[in-house]
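Student: Could you show me how to read the packing of helices and strands in a structure like the one below?

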Amino acid sequence: MGFTLSNQQQLLSKMATGNGHGENSPYFDGWKAYDSDPFHVTKNPNGVIQMGLAENEMCFDLIQEWVLNNPEASICTAAGVNEFKDIAIFQDYHGLPEFRNAVANFMGRVRGNRVTFDADRIVMSGGATGAHETIAFCLADPGDAFLVPVPYYPGFDRDLGWRTGVQLIPVACDSSNNFKVTRAALEAAYEKAQKANIRVKGLLITNPSNPLGTVLDRDTLRSLVTFINEKKIHLVCDEIYAATVFSQPSFISIAEIIEEDIECNRNLIHIVYSLSKDMGFPGFRVGIVYSYNDDVVNCARKMSSFGLVSTQTQHLIASMLSDNEFVERFIAQSAKRLKARHMRFTMELAQVGTSCLKSNGGLFVWMDLRRLLKEQTFEAEMVLWHTIIHEVKLNVSPGSSFHCPEPGWFRVCFANMDDKTMEIALSRIRNFVAQYKEPIAPRKNNRYWQSNLRLSFQSRRMDDIMMSPCMMSPHSPIPQSPLVRAT
Amino acid sequence: MCMLSRNATFNSHGQDSSYFLGWQEYEKTPYHEVHNTNGIIQMGLAENQLCFDLLESWLAKNPEAAAFKKNGESIFAELALFQDYHGLPAFKKAMVDFMAEIRGNKVTFDPNHLVLTAGATSANETFIFCLADPGEVLLIPTPYYPGFDRDSKWRTGVAIVPIHCTSSNGFQITETALEEAYQEAEKRNLRVKGVLVTNPSNPLGTTMTRNELYLLLSFVEDKGIHLISDEIYSGTAFSTPSFRSVMEVLKDRNCDENSEVWQRVHVVYSLSKDLGLPGFRVGAIYSNDDMVVAAATKMSSFGLVSSQTQHLLSAMLSDRKLTKNYIAENHKRLKQRQKNLVSGLQKAGISCLNGNAGLFCWVDMRHLLRSNTFEAEMELWKKIVYEVHLNISPGSSCHCTEPGWFRVCFANLPERTLDLAMQRLKAFVGEYYNVPEVNGRSQSSHLSHSRGQSLRKWVSRLSFDDRCPIHGR
């Protein structure tokens, strides 16, 4: 009996058969190139270096040392196994009290103890991915919208919109003022939504910013709070890179702003946090929804049933993050190492005339390669990107995947590799820039230029641009990881 | 303007149901054999606490799994960074091997068709997101796990139409019941997308018969809809008739990848019940349909299993000696414990459905009802909670169509506490109903007027404030 594909598609939901997950993207080329030819310092020194993954590998030595010295933090070691049963059966969606206390403590310390967090407002989620979806489910109905300043993390389209039916409306930012969010741009985006009869439920900001690596200044934060208060919409602050800020100006959390002398309905303020970037633990899936709105806390907590943190992990994290001496040392060292890495990277780039947006946080730089574009179009950006992947052998992320309105910007990650690899990456960039003093034109016989590239940039609208799984968490495997090799 | 979503404002999360409210009362005064001997004994939580000693002794003998090590090398960093939603290959292999072992190796599973999720809660919701659009319908046989209302309906917008099962045939699914449910949906102009069954059943504690499974397969084949079989209790089938997975029946009927129905049969699994590890949030979706696997894999981003936990359990479940011993011991201890509960109930003049699986009994207290109504069931339940100090789950919370049935769990408490619970129950029944110890149904007796007054006092004392937890089954 024949069974056509369309029959099968009809039997599944629209959600399952559609593209709302955002992973059918031409940007997959970068990932494919890396997958098929991954760099290894000895085994494949000419391979593609992964610079598209915003991961923090700077301080694992400190963490490993701590784990070795604290066997009771694991419920499986001789020191900890007496707790195995109680931890294994604990499924209360409030989470282990010691876990919540430790996370609240950590969040406060990351903010220099300028604010404290209430452990009872800490709600678990399946990573920041789960946290964003949960927040959207709590605050908005299908068809509602969130305003998001561009450029923004590609995963937001999936996290906030895929299963929730919520849409994202970009707030225009550009390099003329270093991509700062202006009141005018917010108003314009809001007006556009009103005209289209779309109900705006909130504003989503990422601070420190991905992909920019910058922090929001006090005035901007205050103006955002004023804006959302006037419009009576929510403010969701993704602060997952809070501890990656390594130099001035210091990071100011929304938690600090609302304690200031400012008119603000606290029921509108929500924070998304995670340990994936600050600690380098994306595999442990520790996401947090922190809301000043009791109803949202209650609802999010019930929803957390769909993505609780494993109690084995809660137990480990509780132990680690309540070790204040370790936490302080970690935060300081992490910032120091990120700063050194960032400085080395940006200085070397500057020496070959390549600038990056001035930044002081994040795990990446926002590199300005506009001068290498033949023309200021996204098509030209794609050509340049393909060249960087296939000839320079670096997997970087083109700005268009972040909904950047200006072609020529690239996010380049630097914290997911050792010093040696970084030096190799830098030398490749140096050689490339020296070689290509002229803007890069597409070559007719360039075998890397995929003729089946589905993009048509002339007619492309910002919200049509999809993103590649390599830029989203969670994502495809790291091929050289011993965990993925044959069992 | 309403500030929050409809999801946040309405209570379709289902946590105002009595199932969860009983839990809240327990939280206020939980039994403790030293500190609170008069407290409420928890018999409403389907947890398996009988075999932790086996896991603990395995841990003692296998320090590498514990210490983030593999072949002597630290793999902490790799684990901490591993966020691939395809999951740890070694873990998925170990899971499918374990699933096959539980099924007596009569069927095998392909790890590439397994999707890991944060518990069965997430697995069920993800399945519904993949298989149905808002407004479409899922048929579920009653009585069913109260959490399905939340998992299947809340954020998905899908509706549930019950397939009514009754005690006349031990609550087995019949063709008539299936058809009636389907017609009911059609009458309401709703499109049915699938049937969700739990096998072994929660709350019945029974395994599905071959007939029922054949019936279900024919039904979904005929209607062109999906069949989701929640088999999270598959490892708890402790006596005959043995557990039969829907995958086995597909094989029996020679349904393979060339048959239509092959792609529409799916399984949900979890380690929360069989291994007693609900805190670790290990759930799984298994589907023969590549599109479902692909979509579910992407959706699992919202609730992955911690890599730390995947690593530990991968080592554990790959140890065939452990799994073989565990499965056998688990059966043995569950069987004994169930026997104790059944015998304790009998001493109180209470019988239950003949069960062979699960972590609970489906108990018949119809003879203790003032009247054959759900109001009477609620009255009885509240007495049991407030006077007898036992938290058990009333059948109405499981959408049972007949009043008087209760789910009573037996694997989440020590033996001596179970004995105490049965003593309390016996005393209660003796005091209120004067019912002798029998082996079958007893005559109902009516409450005296004074008893009715004390009951009203109990009822008025109720205050179900919004304290959380419990999403446990």
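Tutor: Let us begin with a pair of helices in chain B: helix α6 (residues 89–102) and helix α13 (residues 307–317) pack at an angle of about 45 degrees, with their axes 8 Å apart. This is a predicted model, in which local features need pLDDT of at least 70 and side-chain atom pairs count only at pLDDT 80 or more, while totals for chains, interfaces and linings use all residues. Residues are numbered from 1 along each chain as its sequence is written, chains are lettered from A and ligands numbered from 1 in the order in which they are written, and side-chain values use heavy atoms, with hydrogens and water left out.

Student: How is such a pair of helices described?

Tutor: In general, two packed helices are described by the angle between their axes and the distance between the axes. The axes are lines fitted to C-alpha atoms, for helices over the stretch in contact, and angles run from 0 to 180 degrees between N-to-C directions. Helices (H or I, at least four residues) and strands (E, at least two) are DSSP runs, numbered from the N terminus.

Student: Which word describes how α6(B) lies to α13(B)?

Tutor: The angle makes α6(B) oblique to α13(B); angles under 35 degrees count as roughly parallel, over 145 as roughly antiparallel, 65 to 115 as roughly perpendicular and the rest as oblique.

Student: Which residues of α6(B) and α13(B) make the contact?

Tutor: Contact means heavy atoms within 4.5 Å. From α6(B) come B:Ala90, B:Phe91, B:Ala94, B:Met95 and B:Phe98, and from α13(B) come B:Gln310, B:Leu313, B:Ser314 and B:Leu317.

Student: How do I read a sheet?

Tutor: Strands of a sheet pair through backbone hydrogen bonds, either parallel or antiparallel. In chain B, 4 strands form an open sheet with antiparallel pairing, in the order β11-β12-β15-β14, where two strands pair if DSSP finds at least two bridges between them. At the edges stand β11 (351–352) and β14 (393–394) of chain B, each with a single partner strand, so one side of each is left without a neighbour in the sheet.

Student: Which helix packs on the sheet and touches β11, β12 and β15 of chain B?

Tutor: That is helix α14 (residues 320–347) of chain B, whose direction makes about 20 degrees with that of β12(B). Helix α15 (residues 374–386) of chain B also packs on the sheet, touching β14 and β15 of chain B.

Student: Where is there a cis peptide bond at B:Pro143?

Tutor: The cis bond runs from B:Thr142 to B:Pro143, with omega near -5 degrees, and B:Pro143 lies in the loop between β5 (137–141) and α8 (147–153) of chain B.
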